[in-house]
Amino acid sequence: MENIYNLAEEYATQFIESSDFKRLLELRDSIKTNLRNTIVAFKTAEAKYLEVKEYGKYHPDLKKYQTEFMQLKSKLYKNPFVVEYKELERKLQSKLDSDLNDLKKSVSNKFKLSIF
């Protein structure tokens, strides 16, 4: 059992020390620092839009808040830092998913072999 923990710790260490993960952390910090005002504006617009949306399509300012929210969302998600961050996030998640599936297959095959 201890061997499994050691392997898991080794895998986690390799993952965390990878250049992609380190870049992801750099981007996260850059986003927090450089896009603070954009994020605050986006979150504020999102909150207003969700509040107005509760009243449905009959609220007189729904279209205004919806448009403002969509524009700020587009501005935020088209920022080069955010684009690169999202791409790396997907890449790392895909690697984790793939590795987990490989582990499942390996464990499943060993379990099948031990039954017979």
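What is the volume of the second largest pocket? About 250 Å³. Hold that number while I set the ground.

This is a predicted model, where local features need pLDDT of at least 70, side-chain atom pairs count only at pLDDT 80 or more, and totals for chains, interfaces and linings use all residues. Residues are numbered from 1 along each chain as its sequence is written, and side-chain values use heavy atoms, with hydrogens and water left out.

Now, pockets. Rolling a probe the size of a water molecule over the atoms shows where empty space is left. We use a 1 Å grid over the protein atoms alone, and a pocket is an open set of points where a 1.4 Å probe fits, with protein on both sides within 12 Å along at least five of seven lines. Lining residues have an atom within 4 Å of a point. Grid points are joined across faces, edges and corners, and the volume is the space filled by probe spheres set on them.

The largest pocket comes to about 380 Å³. Two elements give two or more residues to its lining: α1 (2-16) and α5 (80-115). Helices here are DSSP runs of H or I, at least four residues, numbered from the N terminus. Among the lining residues are Tyr-11, Asp-99 and Leu-100. By class, the lining has 8 nonpolar, no polar and 2 charged residues. Nonpolar means Ala, Val, Leu, Ile, Met, Phe, Trp, Tyr, Cys or Pro; charged means Asp, Glu, Lys or Arg; the others, Gly among them, are polar.

Back to the second largest pocket. Helices α2 (19-34), α3 (36-53), α4 (62-77) and α5 each supply at least two lining residues. Its lining has 7 nonpolar, no polar and 4 charged residues. Lys-86 is one of the lining residues.

Next, salt bridges: a side-chain nitrogen of Lys or Arg within 4 Å of a carboxyl oxygen of Asp or Glu. The count is 6. Lys-91 pairs with Asp-20, closest N and O atoms 2.9 Å apart. Lys-91 is in α5 and Asp-20 in α2, so the pair ties together parts 71 residues apart in sequence. Arg-23 also bridges to Glu-84, again with 2.9 Å between the closest N and O atoms. Arg-23, Glu-26 and Glu-84 form a network of salt bridges.

And Lys-86? Its partner is Glu-89, at 3.4 Å between the closest N and O atoms. Both sit in α5, 3 residues apart, about one turn of the helix. Lys-86 is partly exposed, because its relative accessible area is 28%, and the range for that class runs between buried (under 20%) and exposed (over 50%), using a 1.4 Å probe and protein chains only.
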